[in-house]
Amino acid sequence: MPGKLKVKIVAGRHLPVMDRASDLTDAFVEVKFGNTTFKTDVYLKSLNPQWNSEWFKFEVDDEDLQDEPLQITVLDHDTYSANDAIGKVYIDIDPLLYSEAATVISGWFPIYDTIHGIRGEINVVVKVDLFNDLNRFRQSSCGVKFFCTTSIPKCYRAVIIHGFVEELVVNEDPEYQWIDRIRTPRASNEARQRLISLMSGELQRKIGLKVLEMRGNAVVGYLQCFDLEGESGLVVRAIGTACTLDKLSSPAAFLPACNSPSKEMKEIPFNEDPNPNTHSSGPSTPLKNQTYSFSPSKSYSRQSSSSDTDLSLTPKTGMGSGSAGKEGGPFKALLRQQTQSALEQRGGSPHRFCRRREFPFFTLTAFPPGFLVHVGGVVSARSVKLLDRIHNPAFVGIMGNTRSYKLLDWNSFNSDEPETRDAWWAEIRQEIKSHAKALGCHAVVGYSESTSICEEVCILSASGTAAVLNPRFLQDGTVEGCLEQRLEENLPAGCGFCHIPYDELNMPFPAHLTYCYNCRKQKVPDVLFTTIDLPMDAAVIGKGCLIQARLCRLKKKAQAEANATAISNLLPFMEYEVHTQLMNKLKLKGMNALFGLRIQISVGENMLMGLASATGVYLAALPTPGGIQIAGKTPNDGSYEQHISHMQKKINDTIAKNKELYEINPPEISEEIIGSPIPEPRQRSRLLRSQSESSDEVTELDLSHGKKDAFVLEIDDTDAMEDVHSLLTDVPPPSGFYSCNTEIMPGINNWTSEIQMFTSVRVIRLSSLNLTNQALNKNFNDLCENLLKSLYFKLRSMIPCCLCHVNFTVSLPEDELIQVTVTAVAITFDKNQALQTTKTHAEKSLQRASTDNEELLQFPLELCSDALPSHPFPPAKEHLESASSNSGIPAAQRATSVDYSSFADRCSSWIELIKLKAQTIRRGSIKTTVTVEKASPVGEGNFRNRSSPPCANSTVGVVKMTPLSFIPGAKITKYLGIINMFFIRETTSLREEGGVSGFLHAFIAEVFAMVRAHVAALGGNAVVSYIMKQCVFMENPNKNQAQCLINVSGDAVVFVRESELEVVSTQQPAANCQPSCTGGEVTT
Amino acid sequence: MTSELDIFVGNTTLIDEDVYRLWLDGYSGLWGTVCGCRFGGAVVLDGRAGRARMSDAVALRVRSGILEQTGATAAVLQSDTMDHYRTFQMLERLLHAPPKLLHQLIFQIPPSRQALLIERYYAFDEAFVREVLGKKLSKGTKKDLDDISTKTGITLKSCRRQFDNFKRVFKVVEEMRGSLVDNIQQHFLLSDRLARDYAAIVFFANNRFETGKKKLQYLSFGDFAFCAELMIQNWTLGAVDPQADDMDMDLDKEFLQDLKELKVLVADKDLLDLHKSLVCTALRGKLGVFSEMEANFKNLSRGLVNVAAKLTHNKDVRDLFVDLVEKFVEPCRSDHWPLNDVRLFLNQYSASVHSLDGFRHQALWDRYMGTLRGCLLRLCHD
């Protein structure tokens, strides 16, 4: 019984009129957690009820705390008939379960109804008292932190990156249960919302358990998705990367990793073989260079102990073959071996009862410096499956899962079992793993999984980037800085990751290799495709740009097996074409590498759609890309030849123009220096993929273009002509705009603080007549291009700006309907400094260290953080207490370390003044006692700031949202927990709500509002790594109905503007020598 | 390929001032309406409406040259316009009670933008307000909006918005204590200037002053608003008792009753003569139109005092401005009085009463004439 949940219902506002006669509402609230329900009194005849309830207390297991959402229902009391529901609020209390995150959830939440949308707001306070649980075999995993961010969160340091964690849970979809025929749409939607919330909680708990088993304390890059399989059920699945993170709380943490004191060891107290050296808290000594933890004997013994795996991680070439490259070869092999042992070590440790970690996958896309050694290329796998419930033996899924009963209370037995889905995914992962191995890589980074479902056919996809990693972060804190030092000697910064990990004499596929243009020591490929972000230290020439390949393929309508076969037959061709398009477009841009590559294949009734997005860049280490040659098929035709040459000229012009646009001007290098000892200098790509239906055989696809040079485009029919045309139709963004789908735009590094996150959705209806592949392609291309054009137009006031993390999702909700959803963030930058080169890495880290020294100021800063008048922080006093206990700065100092903020600015707008006035009148008087000596300007600033709380309650605080992991010009000081929300909205009066556009527009705005409200209630002022994972829209205009499901997630954070940090840091010393300012105290 | 659905939602709600103006001006954002024609009515924002022509709003934006500036296409403009229109339509509900706009959570809008939204929403057209000023804000008047729309060239939609704004403000502050301007400002978060204008509109609507007569056509809304403010300051209940209900809306009935006492100034021949001689003595040589003034003094004085005496009847209160123009402004105008002469005359005319020993209602006279003098000066122009 390790937890007590306390809930208080304070007030409501802007409630809807429920009683037409009086134009008022008699509202009361039901608070439900698990099976316990409390009720407030009825507050008669008011649209702004003040319940001010007692604390409702729930005594619950921490398991329940993790799984269950807190459910708050607002109802209108009716004496004679049933009470009418106004709406609900679901609160995920998970953020309260780990110590560093939020301590209280308090604030205004929109009251949401699945039929009517937001109907007023309710003020709720939630707290959790957690007792320590000493049970080793517990089912809960309280304390494991979750991050959606796909890099190491900003105020943490990775001690160990353990690796891949995954889990899925399955249940019957309430929408497809027999009871759905008799219950109201509202009841059905709510059942669904609640179920998914419950399943998410369970999933997160189970993943947490796995992390604990791995001795980690956090999951980074947590990605949870749900598959609506219709009749066959509902799957919620998640993947992530288990890590041991260390909060950067003191400057000491910034010293090199080898200095890390014993604290680190506490994280892994059960380490079977702690290296005694790590206990020394002194600075690194040369001695440590010899303490490689991958002592061969040990690792080999482990290997044998875990020999049940048939998939050794050692590359085919093996260590003994000696055929590895001349310079880097032996070292590379060594590295591989180390890492392998690191991976095996964790997996095969006999004392651990957990399952072996079979997949060396990482969902991260950005890494600590030195982590990524080499990148092989993109690996992907797809598989077509038939969703079928028949051959699933009932009950099996429940066995051993003691908590399934909760999910089954309306259903006597489970109709589906996670094992099937598990097996499907395991199969795909295995394939990815073997692809990576073929590329000479032992790990896959930037890994992600997705599905596309149409009727009973499901395409499962997984992709990632094969890579060789530095084992330092993978091992249990044994190898410290020493290895990194060696690596740095060997691998010049900025090009190391481009060097091929595979053996050049034994290449997995034909490729054109040259010596690295940067260090000239090792071999690099001619192009590089990856799914990760551009490494921080990569040497890049010019700027990057968004590159998309778009493709449609018609497919005959078919049933079941036939359909699945048809799809799997089409898939390889689609992959091939998508790849060709990407390659051509990349060449056209004059670039040589793709980052953040994401290929999405969606299935519909009568077609397949492929959409690939990536950010093209010119890597200094890779060779200059050749142009594109066009070759005609029919010689001796004068006009045709002319046409071809005209076309060729256009292409050449475009390349030249693009080079100018993206500022690509690499230094000239004479050919002799580079040389090319590779026997078969053919230009090939390295996108490995395969498709399989039955998965008994992995079909490797040779993507090289037969015997011809890949960049000779042959115009032999109209199709090819179309393709060339479509290449040239992509218009570059208007001047002042850049776009990319990675976190940061290569070549731009001087972001200013203005950001605008947005979601745009478009659905087009294809005319059913004469649908051809070309027409489809054109339509789809136009759709995407027009959408981008619209975005540029809408955001024109932000120029110069960059659209970052542009995330396109395409789906085919119905016959002839194509839906494209885009989420991205526009960030402004300073044009004047745009050309400045990146600071050296050392400088940067120094700078970081210095800013992080200011970590100490974190708490005082929160008090006044960026214009959050209505910031639902706990009352100032409480905060001061927590601050003093945490940071150890005497309260007096802190009180004065408030910044001037922009209170004066804010007040200068008359609306604020009026608000203040209005507030005064409404309340009678502002009860603010301020005792600050105004002798100093500091005191004065203080005073003004302190007097702001009265107006603070009146406006809504700004909550920023961004799909990026950072906020430009600001520093994230605290992660408050994961936001993972699922909403359903349905309407039976579509026309009245403004048609489909009006309906969805309002719904998305409401979703944003609910996310912001939850973040604000946690005490945060931003959501980072925000993602809209699903936006399923269905309409039935004839019935005047529509339904939409949205799933979003992100990390709630507290950030502080860097400018404010500076203000405070300069103010701090002043405050120190002015003890007279100690009286800053506020009572409101 | 037809677009079924097309939306853009920003975390910070984008507000385009130009589009907002078009929306407020009542131009349709919908495809298929005839360009240039002004249609009112509720806008049903459904992307599936026919798309043969450009909507009014888009056509106007095209005309502003935005396509050339940005290199966008008409389709992009249409999509952008519809997004804004939908946003505004969703915001409209909140704009009806501006404090709600500040508290709501659905749209994240920076305070300066919120202020702009409110201010522009409650802004009104001079031409429109002149048509309804002093009219009862009732359903009857609302039916006349068609005619007003035709007459003024303002779209019916915009007329409705403006009329509903007047009515809404009126309803909210109608039965409230305290200063009218302050109440309006607090409940609608308007700027000081706009709140004052609304106070005038509410005051005129409450007292139903006639402003539509032909001879009043030369007066602007500003003229009336100026008079309204003076009257609110001096002639209402609030002027004497700051705690009274409806203090700023209704004229002080007792004061109006008392004004009858002023009649003695023109009824008593001696007083009238004495008054005239005092004024003439003081102004001799100072006035360009002295002779005209001397000849007209009794008429003018009679006019002004009779206006005061008649104010006990509601009907006459309504005709206040008609009377003032007829009895004072027009005679002055026909004699071509310069404004400065009018000012000198009115100052002397009101001041001289203090020297009339037989007249006992000095305070009453000051309360009446102080305000009237201000109003008349404002009303005397072409």
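Let's start with one pair of strands. In chain A, strand β26 (residues 751-765) runs antiparallel to strand β28 (residues 817-829), and twelve bridges join them. Two strands count as paired if DSSP finds at least two bridges between them. Helices (H or I, at least four residues) and strands (E, at least two) are DSSP runs, numbered from the N terminus. At A:Arg765, the residue opposite in β28(A) is A:Leu817.

A word on the source. This is a predicted model: local features need pLDDT of at least 70, side-chain atom pairs count only at pLDDT 80 or more, and totals for chains, interfaces and linings use all residues. Residues are numbered from 1 along each chain as its sequence is written, chains are lettered from A and ligands numbered from 1 in the order in which they are written, and side-chain values use heavy atoms, without hydrogens or water.

Now the whole sheet. Strands of a sheet pair through backbone hydrogen bonds, either parallel or antiparallel. Here five strands make an open sheet with mixed pairing, in the order β25(A)-β27(A)-β28(A)-β26(A)-β1(B). From one strand to the next, the twist averages 25 degrees. Helix α12 (residues 773-794) of chain A packs on this sheet, and its direction makes about 145 degrees with that of β26(A). Axes are lines fitted to C-alpha atoms, for helices over the stretch in contact; angles run from 0 to 180 degrees between N-to-C directions.

So where do the chains join? β26(A) and β1(B) run antiparallel, with eight bridges between them. In that pairing, A:Arg762 has B:Asp6 as its bridge partner in β1(B). A:Arg765 forms a salt bridge with B:Glu4, with the closest N and O atoms 3.1 Å apart. A salt bridge means a side-chain nitrogen of Lys or Arg within 4 Å of a carboxyl oxygen of Asp or Glu. The interface of chain A and chain B has five by this rule.

How many residues of each chain are in contact? The count is 64 in chain A and 47 in chain B, where contact means heavy atoms within 4.5 Å. About 4900 Å² is buried between the chains, and carbon and sulfur atoms give 61% of that. Buried area is the accessible area (1.4 Å probe) that two parts lose on being put together, summed over both.

Last, helix α21 (residues 995-1017) of chain A. Helix α21 lies across β26 of chain A and β1 of chain B, at about 25 degrees to β1(B).
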